[in-house]
Amino acid sequence: MTTRLNIVPFVSVDHMMKLVLAIGIERFLTDLAAYIEEDFRRWELFDKTPRVASHSIDGVIELMPTSDGRLYGFKYVNGHPKNTRDGRQTVTAFGVLADVGNGYPMLLSEMTILTALRTAATSAVAAKYLAPKGADCMAIIGNGAQSEFQAVAFKALLGINRLRLYDIDPAATRKCAKNLEGLGFDITPCASAHAAVEGAHIITTVTADKQYATILTDNMVGSGVHINAVGGDCPGKTELHRDILLRSQIFVEYTPQTRIEGEIQQLDPDHPVVELWAVMTGKTPVRGDSRTVTLFDSVGFATEDFSALRYVRDQLADTGLYEELDLLADPDEPRDLFGMLLRAAKHH
Ligand SMILES: NC(=O)c1ccc[n+]([C@@H]2O[C@H](COP(=O)([O-])OP(=O)(O)OC[C@H]3O[C@@H](n4cnc5c(N)ncnc54)[C@H](O)[C@@H]3O)[C@@H](O)[C@H]2O)c1
């Protein structure tokens with residue numbers, strides 16, 4: 001890769017798609033999951049803060065920074081549930097990885113596709129620890145942009161091969177089922193969320209609605225089920241009835257952020273939850289009893305994006321799937337920034 005100081009590698013949407021397809025979606029998700037898990041395991045090293053959110057009536061724009069002391073990363077991401085009505089994505093993102101030693105960006109990347117991949121990989125890593133042994137059937141409620149990524153990650157990491165799909169918009173379910181055709185799933189489109197959860201060992205909720213919604217009620221969740229709750233990720237935006245939370249063992253990414261944004265905003269601020277890193281390092285055991293409902297209250301945390309950027313950067317030298325972006329001013333004499341500008345005038 002380039003050593004010219006003005007150049008920053010840039011991964012466009014086109015290059016990201018080529019990268020994912022060159023590596024293979026399942027392998028990409030599996031390798032990415034390993035990076036995410038590796039970073040969760042060194043949790044204490046990271047600078048952690050709840051993401052900085054700017055809310056409006058229609059949505060939210062968020063900045064998600066973190067650092068392990070050597071590298072620094074941040075992601076810009078939005079969430080606008082009404083966007084799909086005029087042809088836009090609900091969620092779009094881009095991000096930067098930088099060198100802590102000199103503060104120079106080392107990578108600028110699209111992160112809309114990468115967010116879908118990292119969200120799915122994180123859910124699957126969590127489920128590896130939390131889902132009942134031998135689980136092979138998953139309900140997916142909400143069949144929008146994130147849904148197929150969730151399905152493929154759960155297949156790659158847990159061997160899920162039966163899917164039960166439901167969306168209030170049947171066109172979304174048709175799209176999801178069609179996209180997953182030929183990827184090794186037995187797919188059942190369902191007429192209601194009630195029907196979708198029947199017989200499922202894992203329930204993924206990944207709907208978008210900027211309000212308190214009740215996608216799952218208590219009677220829909222049988223004992224021993226693992227819930228992967230992805231869509232409730234903002235103040236005032238949840239998917240599960242409170243009674244489900246009260247009888248589940250609850251797992252979160254970073255407690256201070258999830259208290260604000262996750263399903264647990266419905267609970268007392270001191271309701272016990274377990275952070276994922278503590279499960280992965282063996283510090284906190286998962287309740288052994290097979291009747292326990294486990295809930296991953298996913299909101300998405302900065303370290304997952306950091307891991308994703310780190311993973312993408314490690315693929316660039318071998319694949320060459322990036323552009324060189326003239327992002328940083330680099331005068332011959334570092335203090336002669338003004339002189340560089342004057343010299344440029346001569347060329348114009
Ligand atoms: N936790 C995380 O890390 C993370 C990351 C990315 C996105 N998200 C969230 O995941 C959600 C889904 O994102 P997306 O990009 O797939 O959105 P999307 O708009 O593409 O899809 C959402 C789907 O949910 C369906 N839906 C809405 N209400 C429903 C209901 N009551 N029952 C069943 N289906 C319903 C919609 O019809 C739509 O098809 C969003 O809320 C987003 O903010 C979370």
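Domain bounds here come from an automatic or database domain assignment. That assignment gives the chain domain 1 (7-113 + 303-347) and domain 2 (120-300). The shell around the ligand draws at least three residues from each of domain 1 and domain 2.

The structure is a predicted model, in which local features need pLDDT of at least 70, side-chain atom pairs count only at pLDDT 80 or more, and totals for chains, interfaces and linings use all residues. Residues are numbered from 1 along each chain as its sequence is written.

**The ligand shell**

There are 30 residues around the ligand, and G142, G144, A145, A172 and G300 come nearest. A residue is near a molecule or strand if its C-beta atom, placed from the backbone, lies within 6 Å of it. α3 (112-130) and β11 (212-216) each supply at least two residues of the shell. Helices (H or I, at least four residues) and strands (E, at least two) are DSSP runs, numbered from the N terminus. By class, the shell has 13 nonpolar, 13 polar and four charged residues. Ala, Val, Leu, Ile, Met, Phe, Trp, Tyr, Cys and Pro count as nonpolar, Asp, Glu, Lys and Arg as charged, and the others, Gly among them, as polar.

**The two domains**

The centres of domain 1 and domain 2, taken over C-alpha atoms, are separated by 27 Å. Their contact takes 22 residues from domain 1 and 25 residues from domain 2, where two residues are in contact if their C-beta atoms, placed from the backbone, lie within 7 Å. On the side of domain 1 that touches domain 2, α2 gives the largest share, 10 residues. The residues of that side divide into 11 nonpolar, five polar and six charged.

**Helix packing**

Axes are lines fitted to C-alpha atoms, for helices over the stretch in contact, and angles run from 0 to 180 degrees between N-to-C directions.

| Helix pair | Angle | Axes |
|---|---|---|
| α2 (25-41) and α10 (302-319) | about 130° | 9 Å apart |
| α2 and α4 (147-158) | roughly 70° | within 9 Å |
| α3 and α10 | roughly 115° | within 10 Å |

Angles under 35 degrees count as roughly parallel, over 145 as roughly antiparallel, 65 to 115 as roughly perpendicular and the rest as oblique. At about 130°, α2 and α10 are therefore oblique to each other. Their crossing is right-handed; a crossing is left-handed if the near helix is turned anticlockwise from the far one by less than a right angle, and right-handed if clockwise. D31, L32, Y35, I36, D39 and F40 of α2 meet T303, E304, F306, S307, A308, R310 and Y311 of α10. This contact has seven nonpolar, two polar and four charged residues.

With an angle of roughly 70° to α4, α2 is roughly perpendicular to that helix. Here I25, E26, L29, T30 and A33 of α2 touch V152, A153, K155, A156 and L157 of α4. Seven residues of the contact of α2 with α4 are nonpolar, one is polar and two are charged.

α3 and α10 also make a right-handed crossing. In it, L114, L117, R118 and T122 of α3 meet E304, D305, A308 and V312 of α10. The contact of α3 with α10 divides into four nonpolar, one polar and three charged residues.
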